Amino acid sequence: QLQLVESGGGLVQPGGSLRLSCAASGFTLDYYTIGWFRQAPGKEREGVSCISSSGGSTKVAESAKGRFTISRDNDKNTVYLQMNGLKPEDTAVYYCAAEGPLLLFRLCELHHERFGSWGQGTQVTVSS
């Protein structure tokens, strides 16, 4: 059974940093595109960043460009989201999700309907 577990969330002051991790179990991430999404109270789910199975394609939402970086370590079966320069508007529950398995290269896109497996989420709160 595919399982994704997020970790690394917490409370941070504006301007601070966090690194979120998305660890997979029950399957290997090698053939999956991984996306990070977030949802704040009263708001719709928003795509944040994604990375293709090989790491050759990445995408970052405009709201996160220049601040967030996605990476993956297939040996550790984990995808990371490094978040710098955090703002109060980044406060949300962050979810990772998997699209695949993909046998051919495919550009990653932040369309949540592509992603079939989701983690439980980790809370990120940016506040002074």
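This is a predicted model: local features need pLDDT of at least 70, side-chain atom pairs count only at pLDDT 80 or more; totals for chains, interfaces and linings use all residues.
The protein chain contains eleven strands and zero helices. Along the sequence, the order of elements is accordingly β-β-β-β-β-β-β-β-β-β-β. The C-alpha atoms occupy a box of roughly 45 × 30 × 25 Å along the principal axes. The radius of gyration of the protein chain is 14 Å, which agrees with the value near 14 Å that a compact globule of 128 residues would have. Of the contacts in the protein chain with a separation of 6 or more, 62% are made by residues 24 or more positions apart.

Buried residues account for 44% of the 128 residues. Positive and negative side chains number 12 and 12, and the centres of the two sets are 3 Å apart.

Among the individual positions, D90 was examined in detail. D90 lies in the loop that runs between β8 (78-83) and β9 (92-99). Its relative accessibility is 1%, and because buried means under 20%, D90 counts as buried. The side chain of D90 reaches the backbone nitrogen of K87, at 2.8 Å. When neighbours within four places in sequence are left aside, the contacts of D90 are with R38, R67, F68, G85, V124 and V126.

Note on methods: Residues are numbered from 1 along each chain as its sequence is written. Side-chain values use heavy atoms; hydrogens and water are left out. Helices (H or I, at least four residues) and strands (E, at least two) are DSSP runs, numbered from the N terminus. The radius of gyration is taken over C-alpha atoms; the globule rule is 2.2 Å times the number of residues to the power 0.38. Buried means under 20% relative accessible area, exposed over 50%, partly exposed in between (1.4 Å probe, protein chains only). Contact means heavy atoms within 4.5 Å. Lys and Arg count as positive and Asp and Glu as negative; His and the chain ends are not counted. The place of a charge is taken as NZ of Lys, CZ of Arg, CG of Asp or CD of Glu. A polar contact is a pair of N or O atoms within 3.5 Å; within protein, one must be able to donate a hydrogen and the other to accept it, and residues adjacent in sequence count only if both atoms are side-chain atoms.
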